[in-house]
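Visitor: I'm new to this one. Can you walk me through it?
Guide: Gladly. Here it is.

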Amino acid sequence: MEANYKHRVVDALLERKLLGKGAVLVEGAKWCGKTTTSSRLAKSILKLGETSVLRSSRQLAEMNPALLLRGETPRLIDEWQTIPILWDSVRSEVDDRSLMGQFILTGSAIPVDSDEIEHTGTGRIGRLMMRPMSLWESGESNGAGPGKGLF
């Protein structure tokens with residue numbers, strides 16, 4: 001995967017956000033590269049997009065959601081919104097650990113039941129909007145254009 005990875009503008013933004021926040025939420029449309037980009041920085045990954053992982057993780061979250069946050073950091077929690085209680089658990093862990101760059105949350109949809117979320121994450125969870133790959137990022141454009149002629 002690494003050999004074929006096309007570097008994105010958002011790569012540096014994600015690194016910088018992880019230096020200044022305990023967690024970063026990477027939002028964006030499906031298939032825009034959130035998981036791939038975030039995986040490059042993650043030291044451990046919880047893939048809630050996989051059915052068997054999601055089922056067992058939901059059961060564990062009912063007992064003790066903090067157990068799902070264990071792992072090397074930054075820990076990527078992919079499709080976090082499938083278990084909304086993880087949002088508040090991440091916020092609590094960020095408070096308890098008092099360290100930057102602990103978690104990366106990715107997801108393309110709002111939580112199924114946002115009533116389960118108690119805290120906004122302000123000050124603890126930074127947000128990063130990821131867009132589909134630009135022509136410059138994909139190598140289909142050199143970025144030069146007729147900008148002067150437009151104005």
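**Salt bridges and a pocket**

Guide: The structure holds five salt bridges. A salt bridge here is a side-chain nitrogen of Lys or Arg within 4 Å of a carboxyl oxygen of Asp or Glu.

Visitor: Where do these values come from?
Guide: This is a predicted model: local features need pLDDT of at least 70, side-chain atom pairs count only at pLDDT 80 or more, and totals for chains, interfaces and linings use all residues. Residues are numbered from 1 along each chain as its sequence is written, and side-chain values use heavy atoms, with hydrogens and water left out.

Visitor: OK. Which residue forms a salt bridge with Asp11?
Guide: Arg40 does, with the closest N and O atoms 3.8 Å apart. Arg40 lies in the loop between α2 and β2 (44-47) and Asp11 in helix α1, so the pair ties together parts 29 residues apart in sequence. Helices (H or I, at least four residues) and strands (E, at least two) are DSSP runs, numbered from the N terminus.

Visitor: Is Asp11 buried or exposed?
Guide: Buried, with a relative accessible area of 9%. Arg40 is partly exposed, at 29%. Buried means under 20% relative accessible area, exposed over 50%, partly exposed in between (1.4 Å probe, protein chains only).

Visitor: And what does Arg127 pair with?
Guide: Glu27, with the closest N and O atoms 3.3 Å apart. Arg127 is in strand β5 (residues 125-130) and Glu27 in strand β1 (residues 23-28), so this pair links parts 100 residues apart in sequence.

Visitor: How far apart in helix α4 are Arg97 and Glu93?
Guide: Four residues, about one helical turn. Their side chains meet in a salt bridge (3.0 Å, N to O). Glu93 counts as buried at 18% relative accessibility.

Visitor: New topic. How much space lies in the largest pocket?
Guide: About 260 Å³. Ten residues line the pocket, and the closest to its centre are Lys30, Trp31, Cys32, Gly33 and Thr35. A pocket is an open set of points on a 1 Å grid over the protein atoms alone, where a 1.4 Å probe fits, with protein on both sides within 12 Å along at least five of seven lines; lining residues have an atom within 4 Å of a point. The volume is the space filled by probe spheres set on the points, which are joined across faces, edges and corners.

Visitor: Which helix gives the largest share of the lining?
Guide: Helix α2 (residues 34-39), with three residues.
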